[in-house]
Amino acid sequence: MERALVAEDIHRKYGDRVALDGVSLSVDAGEVFALVGPNGAGKTTLVRALTGTTAVDGEVSVFGESPATVAKSRLGVLPQEFTPPERLSARELIAYYAGLYDAPRDVEGVLADVGLADTADTHYENLSGGQRRRTCVGATLVNDPDLLVLDEPTTGIDPAGRRDLRRLLADLADGGTTVLLTTHDMTEAERLADRVGLLADGRLAAVDSPAALVAEHGGENRIVVDLVADPIEDGTTIDDSDGTAPSPATAVDALGETGHRVELRDTELVVHGVDAADIGRVVDDLERTGIVYDGLEWRQPDLEDVYLAVTGQALVSGEEPVAEPTDDDGNDSDDTAAETPAKPNASDGETGVAQ
Ligand SMILES: Nc1ncnc2c1ncn2[C@@H]1O[C@H](COP(=O)(O)OP(=O)(O)OP(=O)(O)O)[C@@H](O)[C@H]1O
């Protein structure tokens, strides 16, 4: 199997700040690889290292060559920040980038791939945030690259657009294109990637298929109970004979006696090791404790749980805020959805108290 990308022990500092701290990674040709991590984890720096746009200590090769010498026609790179000329239409922009290559793809085919066939004549400045991002993705496809490197390609794209883009990337991968993308969104990584690299503080904390990571680190199925923070103030009816609800700690003890590991996390109570067939029994046990709760949810472990288990940091996932408007007519929008998210430090780990 040809290696599309190899990085060996890459280090990168900005002043005293360590952005990459000994990252080694290899991606096979035809693989979809997702780099996942919170703001500041080092994703963009790693992408830049792999594509030769920032100098690093360590070895990087792309299809066996230095990123500086590999044929540009083999690569399609979407930086996190990419602002094409605003007074050109989507079609003109794609045609412009296609014109940089000797044997480009058909412009209309690229526009169709990124779902912009009906918006192709709208100026870039009048496209919605999601349509702009799709135009930028289109610009990376004009040379039919062997390796696509996409830094947060779905930022600002609405859920339907994300699905379309995922489908496109999956089709490209089926056709042999290697895809390396970064995302904050674990669901996206889980759905799309053959393998996922969990990046935290400039280090790859784990690399494997989503299923293998979840099996190894995800923990058990669980019920998460959303407790009422203050049932008296909340006006919730309390059934206890003395008119007071049991404390969460009492409920934890009572549930613990039923054989499950129970954990209290702020206003959530987590009952671990609950398989689908046990849900009814555990809910009955919960009712018997008399604890007052707003709702509950049965959850199977996912990559977010893996990230927390492996790095000790919580990574909030799900769909990112959607740029408005999200309609597809693309006309007269003055939307300027941020292409560049703020960069706070990684979020704090959970502060649960294990019972
Ligand atoms: N040009 C730069 N100058 C100084 N520090 C930088 C620079 N680029 C990145 N950093 C720092 O390096 C660390 C890694 O940043 P990087 O942009 O690679 O993270 P990221 O995972 O891509 O974050 P985000 O999800 O916000 O894009 C951060 O602490 C960041 O502040």
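Predicted model: local features only at pLDDT ≥ 70, side-chain atom pairs only at ≥ 80, totals over all residues.
Local features need pLDDT of at least 70, side-chain atom pairs count only at pLDDT 80 or more, and totals for chains, interfaces and linings use all residues. Residues are numbered from 1 along each chain as its sequence is written.

Most residues other than glycine have a negative phi. Phe-63 has a positive phi of about 50 degrees. Phe-63 sits in the loop between strand E4 (57–62) and strand E5 (75–78); strands are DSSP runs of at least two residues and helices (H or I) of at least four, numbered from the N terminus. Phi of Glu-152 is also positive, near 50 degrees. Its loop joins strand E6 (147–151) and helix H5 (159–174). Glu-152 is buried, with 24 other C-beta atoms within 10 Å, whereas Phe-63 is partly exposed, with 18. Buried means 20 or more such atoms, exposed 12 or fewer, and partly exposed in between, with C-beta atoms placed from the backbone.

The largest nonpolar core has 69 residues. Such a core is a set of buried Ala, Val, Leu, Ile, Met, Phe, Trp, Tyr and Cys residues joined through C-beta atoms within 7 Å. Ala-34, Ile-94 and Val-149 have the most contacts inside the largest core. Apart from it lies another core of 16 residues, including Val-271 and Ile-291.

The axes of helix H9 (248–256) and helix H10 (279–289) come within 9 Å and cross at roughly 135 degrees. Axes are lines fitted to C-alpha atoms over the stretch in contact, and angles run from 0 to 180 degrees between N-to-C directions. Contact means C-beta atoms, placed from the backbone, within 7 Å. Ala-251, Ala-254 and Leu-255 of H9 meet Asp-285, Leu-286 and Thr-289 of H10.

Conventions: Contact = placed C-beta atoms within 7 Å.
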